[in-house]
Amino acid sequence: MNTAVSLQNVRKVYNNVSVVDDLSFEIDRGEMFGLLGPNGAGKSTTIRMLTTLTKPTEGHIQVAGYDVVRQARYAKQCIGVVLQQVSVDVDLTVWENLEYHGRLHHIPNPERQRRIDRWLEYVELVDRRDALVKTLSGGMKRRLQIARALLHEPQILFLDEPTVGLDPQTRRRLWEIILDLNKQGMTMLLTTHYMEEVEYLCDRIGVMDNGKLIELGTLHEFRAKHGEGIVVKQAGERLDYQFFATVEDANAYLDRQPDKTGMMVRSSNLEDIFVELTGRQLD
Ligand code: ADP
């Protein structure tokens with residue numbers, strides 16, 4: 001079985017509104033998949049359904065071959081989850097949080113202690129083992145969440161906005177951890193509204209807006225489809241963007257303009273394509 005995650009015509013309705021609307025896509029084993037979209041697009045709701053925290057109103061979801069509604073218990077054993085809000089207990093120590101999670105997953109000793117040691121070392125929190133979680137920095141808390149999500153050795157890791165609110169250096173460190181885990185074979189789905197995070201980390205990207213998947217593919221495919229070259233033109237207060245198949249085509253267009261004032265050519269990036277798709281800028 002090569003499919004790690006599959007969604008078929010998934011819908012989630014809150015207060016008569018479809019906040020996730022007819023969502024269908026698959027993630028292969030070992031893939032790093034990024035779900036990108038503005039706030040309110042439905043990314044967190046999608047993660048919550050994938051991780052059994054809320055049920056789809058319609059449609060089918062499988063993770064690691066298990067139906068998340070009918071076989072939730074098995075599905076849960078195969079996944080690790082790092083949620084947006086800090087979900088570790090801040091009044092417990094680092095070790096106590098991991099110990100508690102390990103017991104919940106019925107990991108017996110001495111194996112439980114071996115794994116706690118291993119993952120604490122991996123996320124570089126060994127020296128904080130006995131510190132209360134409330135004394136940790138934001139980046140350390142996020143690393144603890146990752147260690148906890150890995151303790152029961154899941155096949156698939158879900159990360160909801162893993163680096164939101166972290167400083168650039170801490171974000172880079174988390175990216176390294178995420179890339180390394182993926183290199184070790186972990187399938188990953190992460191949601192984000194940071195373009196550079198998706199560009200740097202993800203094999204494939206799904207763009208969500210208003211609960212719908214509006215684009216799916218690799219950045220390479222997106223650029224081939226929408227255009228690899230772009231002419232930017234200052235139009236009063238605004239910038240106008242015009243896509244061209246290649247940078248050469250964009251340059252040729254610029255050369256033909258009698259007045260080139262305020263115009264420049266560059267390669268297109270994910271943000272350009274996102275704005276083209278949604279007509280909106282992310283914050
Ligand atoms: P994102 O993660 O892309 O920012 P969310 O999935 O958090 O988007 O939210 C999508 C929409 O669903 C938003 O309009 C949000 O207000 C709504 N929503 C999310 N959870 C609930 C809930 N428990 N009850 C009602 N509405 C909700």
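**Entry 1. Conventions.** I take helices (H or I, at least four residues) and strands (E, at least two) as DSSP runs, numbered from the N terminus. The model is a predicted one, in which local features need pLDDT of at least 70 and side-chain atom pairs count only at pLDDT 80 or more, while totals for chains, interfaces and linings use all residues. Residues are numbered from 1 along each chain as its sequence is written, and side-chain values use heavy atoms, with hydrogens and water left out.

**Entry 2. Overall layout.** I counted ten helices and 13 strands in the protein. Along the principal axes, the C-alpha atoms fill a box of roughly 75 × 45 × 35 Å. I noted two domains, domain 1 (3-221) and domain 2 (228-267); such bounds come from an automatic or database domain assignment. Their centres, taken over C-alpha atoms, are 39 Å apart. Of the 283 residues, 48% are buried; I use buried for under 20% relative accessible area, exposed for over 50%, and partly exposed for values in between (1.4 Å probe, protein chains only).

**Entry 3. Backbone exceptions.** I looked up E124 in the loop between α4 and α5. Its phi is near 60°, a positive value in a residue other than glycine. At 45% relative accessibility, E124 is partly exposed. I found a positive phi also at N9, near 45°, and N9 belongs to strand β1 (residues 3-14). N9 is partly exposed, its relative accessible area being 45%. I then recorded a cis peptide bond from N109 to P110, with omega near 5°. P110 sits in the loop between α3 and α4 (111-122).

**Entry 4. Helix α5.** Twelve of the 13 residues are buried, so α5 is largely enclosed by the rest of the structure. The buried residues of α5 include M140, R143, L144, I146 and L150.

**Entry 5. Helix α6.** I found 16 residues in α6 (residues 168-183), with 22 Å from the first C-alpha to the last, close to the 22 Å expected. Its buried residues are T170, R171, L174, W175, I177, I178, L181 and N182. They cover an arc of only 165° around the axis, which puts them on the same side of α6; the arc is that of the directions from the helix axis to the C-beta atoms. An α-helix has 3.6 residues a turn, so residues three or four places apart point the same way. P168, Q169 and K183 are exposed on the other side of α6.

**Entry 6. Largest pocket.** I define a pocket, on a 1 Å grid over the protein atoms alone, as an open set of points where a 1.4 Å probe fits, with protein on both sides within 12 Å along at least five of seven lines; lining residues have an atom within 4 Å of a point. The largest pocket holds about 570 Å³ of space. It is lined by 22 residues, of which K76, V81, H101, L104 and H105 are closest to its centre. At least two lining residues come from each of α2 (72-77), β6 (79-82), α3 (94-104) and α5 (138-150). The largest share, four residues, is that of α3. I sorted the lining into nine nonpolar, nine polar and four charged residues, where Ala, Val, Leu, Ile, Met, Phe, Trp, Tyr, Cys and Pro count as nonpolar, Asp, Glu, Lys and Arg as charged, and the others, Gly among them, as polar. The volume is the space filled by probe spheres set on the points, which are joined across faces, edges and corners.

Definitions and conventions. Expected span 1.5 Å × (residues − 1).
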